[in-house]
Amino acid sequence: MSAVPLLSERALGSGARILHVGWSTTRKLFFPVLGFVAIVGIWQLSIGLTHIPSYIVPRPTDVARATLNAPGLLWSGVLTTAAAAAAGLLLAVVIGVAGATCLAFSAVVERSLFPYAIVLQTTPVIAIAPLVVIWFGANIRSIIVIVFLISFFPMLSNTLVGLHSPDPDMRGLFRLYKASPMKTMLKLRVPGSVPYIMAGLKIAGGLSVIGAIVAEYVAGVGGGQGGLGYLIAVSAQQLNTPYLVAAALCGSLLGLIFFGAVAIASKALATRHDPGAEAEVRGGITGRVGG
Amino acid sequence: MTIMDQPREHLASAPARAGSPAESSVLRSVGGLAVQEDAGPVLDARHLKKRFVRDGNSLEVLADITMTLSPGEFAAIIGPSGCGKSTFLRVLAGLLPYDSGDVRVMGAPVKSPRPEVGFMFQGLALLPWRNVLQNILLPAELVGMDKELASDRARVCIDMVGLTGFEKYHLREISGGMRQRVALARMLMTEARLLLLDEPFSSLDELTREVIDIVFMDVCLKAGSSYLMVTHSIYEAVLMSDKVFVMSRAPAQVIGAVDVALPKPRTRETVSDPEFVNAANEVRKILETSS
């Protein structure tokens, strides 16, 4: 029985680890970057050779020029969209997790209300967006509400599945010690649902950016509160295609950043919640002791 | 008020309170654990019957079971798969209701889970997000034990099962055998006098199982607890018990009880004792008639 292998893992110098990570990241990035350069190159050359006007298909250089012409506008669009997406997502996480916890307390309440959460999910956001704008006004509040509506369901349903996930033996154990429903919730069901909440957060994180852009597009909120969706709508009307592509690319980049941030946050939380899980994912148990 | 609610100093010295069911009990301290000795049987089940009703169909699970266990006695139940052994154990723990008959633990009728009864689930029901110590402390948290008393008891229990030094380890970092020890220590936290084990060691490899069998017996001997275990192994049943109950196919009935007149503590050498071989053969013979 020795803990030595486990400790040797920890003793690995952080410098060496960073170097190792740096090299593996370089190797991982090499082919995607190669692909990117190839696609952009072919795009640029083929449009140049076929003389398709840039308002129909802009060349990469047109997109770059449009971006550099008004970087401030694009940047403020990104910030506005990011703020709305983040606020809506936060709302969805808080209300989704709290709502699921309330539903999980009573099977009757859950059966009565959950179908309506599904209805909320299946209603196209385009259909409710005008209604939301009428209720909340043509400003960022409406955008936040729409983001909330679109990312709420993955949070609610994932948390609910998580709260029901503890196996019958664990529930039996809590019954054996006559744990109250509240104690069972706090010490068994909520901790047991953390991995499910994290999975829901990944889905909701991606949806929140899409939701924000769609909401901005539909709501047509202007005056610097419109974000990327508004920029896309306006560029489309003006046939400013290079700028439209630039805004769309910013949207996908923002989506990637959101997804990455949520993934990192959820991994950090999962590791804190259940440290062994990460060790197992990293490639086997390094320090399992026998006996 | 149970024993564990009292301040620690009372445990070793105070006689049982007048009027309590344990009036005739003597308290002694073994290995730092307070142990109560009763004159009456720890477990007294008489003419226990149970049916499961599902979709209008009634299925008889427990035909008519009568079983008693004296203080400090170790017993095993062996029988064909699906005969109702686990159901019987859950009824004894107060986790499932029974239809007719009478079940008493330490003289008190079992209507719901009782603090004197510990239960080890087949899957152990350890919480993966808690470390060794936190898992062992769980029963104390659920029954609202005084924090200081709980940590004192945890130290004693951890020492008894040989987990000292592994308190901070994560469940994934320890072996299957050590997880069994965690579950055992957790069961001892509430000073359970009767331990019910539902095939607890079935997932272990043969060698680890042998070690854990012996450790388990020694710990229960020290703690002064009785146990009733369900097992599929004739070897384990005979090695670990004073009495082996053989059950019939469903609906379950006790079709034979074999006394194992071997001294305790037992060791690995016990298996070569002629009495061990005789008892094992007898159990096998009765089992063969049941299937």
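Which residue is the bridge partner of Val105(B) in S7(B)? The bridge partner is Ala108(B). The model discussed here is predicted.

## Sheet in chain B

Strands S6 (residues 100–105) and S7 of chain B pair in the antiparallel sense, over two bridges. Both belong to an open sheet of four strands in chain B, with antiparallel pairing and the order S4-S3-S6-S7. Strand S4 (57–69) and strand S7 (108–109) of chain B are the edge strands, each pairing on one side only.

Helix H2 of chain B, residues 85–92, packs on this sheet. H2 touches strand S3 (43–54) as well as S4 and S6 of chain B. The direction of the helix makes about 115 degrees with that of S3(B).

## Nonpolar cores

The largest nonpolar core has 97 residues. Leu92(B), Leu196(B), Val244(B) and Val283(B) have the most contacts inside this core. Helix H5 of chain B (residues 176–188) contributes seven residues, the largest share.

Leaving aside neighbours within four places in sequence, Leu196(B) is in contact with Leu89(B), Leu92(B), Ala93(B), Val117(B), Gly118(B), Phe119(B) and Leu228(B).

A second, separate core has 57 residues. Among them are Val93(A), Leu149(A), Ala215(A) and Leu228(A).

## Confidence in chain A

The average pLDDT of chain A is 83, and 85% of the residues score at least 70. Over residues 1–12 of chain A, pLDDT stays under 50, and the model has 14 contacts for this stretch beyond four places in sequence. Residues 278–291 of chain A also have a pLDDT below 50. That stretch has 32 contacts in the model beyond near neighbours in sequence.

Conventions: Residues are numbered from 1 along each chain as its sequence is written. Chains are lettered from A and ligands numbered from 1 in the order in which they are written. This is a predicted model: local features need pLDDT of at least 70, side-chain atom pairs count only at pLDDT 80 or more; totals for chains, interfaces and linings use all residues. pLDDT is the predictor's confidence in each residue, from 0 to 100. Two residues are in contact if their C-beta atoms, placed from the backbone, lie within 7 Å. A nonpolar core is a set of buried Ala, Val, Leu, Ile, Met, Phe, Trp, Tyr and Cys residues joined through C-beta atoms within 7 Å. A residue is buried if 20 or more other C-beta atoms lie within 10 Å of its own, exposed if 12 or fewer, and partly exposed in between; C-beta atoms are placed from the backbone. Two strands pair if DSSP finds at least two bridges between them. Axes are lines fitted to C-alpha atoms, for helices over the stretch in contact, and angles run from 0 to 180 degrees between N-to-C directions.
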